[in-house]
Amino acid sequence: MNIHEDDTGVPVPVPEQVSRIVSLVPSLTESVAATLPDALVGATDWCSHPADLDVTRVKGTKNPDLDTIRRLKPDVVLANAEENRASDIEALRQAGLAVWVTRIETLDEAFLSLDRMFRHACRAGRPEWLDRAREAWGEPPPVRRTAIVPIWRRPWMVVGRDTFTGDVLRRLGVANLYADHPERYPKIPLDQLVRKNPDLVVLPDEPYAFGEDDGPEAFPGLPCALVSGRYLTWYGPSLIEAPAHLRPRLEP
């Protein structure tokens, strides 16, 4: 039995050979599918990449079907401290399943966490795409612009402190104006968002599907950037293409 601490400091016993993996996180699902496709047997309904993913669906990240997961008899279940509920993680552990929990709030943490996950939880080598992803980002430029990042409306919610999204923007020279807010995803009235007068309003297409006709009209006079939420919030193979997608859209 292979025992290592996950990102939350919990010792996780994993068999020497891992052939059945369930992922409860879209980013991790995409990562495993690109590395150990034959081992992936279950994923959430929100796991949309790769497009041809053909595994048993176990409902959502916040309401996984625990009975279905148990019936799949995975060697390890992959979860995330932010995306998955602690009660579900504990229930799976009480059922005797090994659950590896990641905690990722920065790009550097993503590179380290994914390396550890594949080596210790998946019993595989370091994926080749992980090195390509690190190379794609290089050294961060100086911060030249400010932004707010709405992730929901009715009510309006934005990216706050200690988030992967905020660090991605920082690595592209953009400062999140709510990075010092006490909450990670605070609810902020629209008039307050407008008064912040950011250089840019960044509108991702997930979790709220902002689009040309749904979002920019709320910020008259402010430049708005519509971006792929996958490139802004996912950690995995998408990190290879993320800088090329995001940089031109974040220009003034």
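Is Cys-47 buried or exposed? Cys-47 is buried, at a relative accessible area of 2%. Here buried means under 20% relative accessible area, exposed means over 50%, and partly exposed lies in between, with a 1.4 Å probe and protein chains only.

This is a predicted model, in which local features need pLDDT of at least 70 and side-chain atom pairs count only at pLDDT 80 or more, while totals for chains, interfaces and linings use all residues. Residues are numbered from 1 along each chain as its sequence is written, and side-chain values use heavy atoms, with hydrogens and water left out.

Stay with the cysteines. A disulfide is a pair of cysteine sulfur atoms within 2.5 Å. By this rule there are zero disulfides.

Next come the open spaces. Rolling a probe the size of a water molecule over the atoms shows where empty space is left. The search uses a 1 Å grid over the protein atoms alone; a pocket is an open set of points where a 1.4 Å probe fits, with protein on both sides within 12 Å along at least five of seven lines. Lining residues have an atom within 4 Å of a point. Grid points are joined across faces, edges and corners, and a volume is the space filled by probe spheres set on the points.

The largest pocket has a volume of about 900 Å³. It is lined by 28 residues, and the closest to its centre are Glu-82, Glu-83, Glu-206, Pro-207 and Thr-233. Two or more lining residues come from each of helix 1 (26–35), strand 9 (150–152), helix 6 (164–170) and helix 8 (229–233). Helices (H or I, at least four residues) and strands (E, at least two) are DSSP runs, numbered from the N terminus. The lining divides into 15 nonpolar, nine polar and four charged residues. Ala, Val, Leu, Ile, Met, Phe, Trp, Tyr, Cys and Pro count as nonpolar, Asp, Glu, Lys and Arg as charged, and the others, Gly among them, as polar.

Look at helix 1 again. Eight of its ten residues are buried, so helix 1 is largely enclosed by the rest of the structure. The buried residues include Pro-26, Leu-28, Glu-30 and Val-32.

The second largest pocket has a volume of about 180 Å³. Of its 14 lining residues, Thr-163, Gly-166, Asp-167, Arg-170 and Ala-179 lie nearest the centre. Helix 6 and strand 11 (174–176) each give two or more residues to this lining. Four of the lining residues are nonpolar, five polar and five charged.

Now turn to the rings. Rings of Phe, Tyr and Trp (its six-membered ring) pair if their centres lie within 6.5 Å; planes under 30 degrees apart count as stacked, over 60 as edge-to-face and the rest as tilted. The count comes to six aromatic pairs. One of them joins Trp-152 and Tyr-208 edge-to-face, at 5.4 Å centre to centre with 80° between the planes. Trp-152 lies in strand 9 and Tyr-208 in the loop between strand 12 (200–204) and strand 13 (224–227), so this pair ties together parts that are 56 residues apart in sequence. Trp-152 is partly exposed at 35%, whereas Tyr-208 is buried at 12%. Phe-164 and Tyr-235 also pair edge-to-face, at 5.5 Å and 80°. Phe-164 is in helix 6 and Tyr-235 in the loop between helix 8 and helix 9 (238–249), 71 residues apart. Both Phe-164 and Tyr-235 are buried. Ring pairs also link Trp-152, Trp-156, Tyr-208, Phe-210 and Phe-219 into a cluster.

Finally, follow the backbone. Most residues other than glycine have a negative phi, and most peptide bonds are trans. The bond joining His-49 and Pro-50 is cis, with omega about 0°. Pro-50 is in the loop between strand 4 (40–43) and strand 5 (56–57). The bond from Glu-206 to Pro-207 is cis too, with omega near 5°. Lys-59 has a positive phi, near 70°. Lys-59 is partly exposed, with a relative accessible area of 40%. Asn-197 has a positive phi near 50°, and Asn-197 is exposed at 54%.
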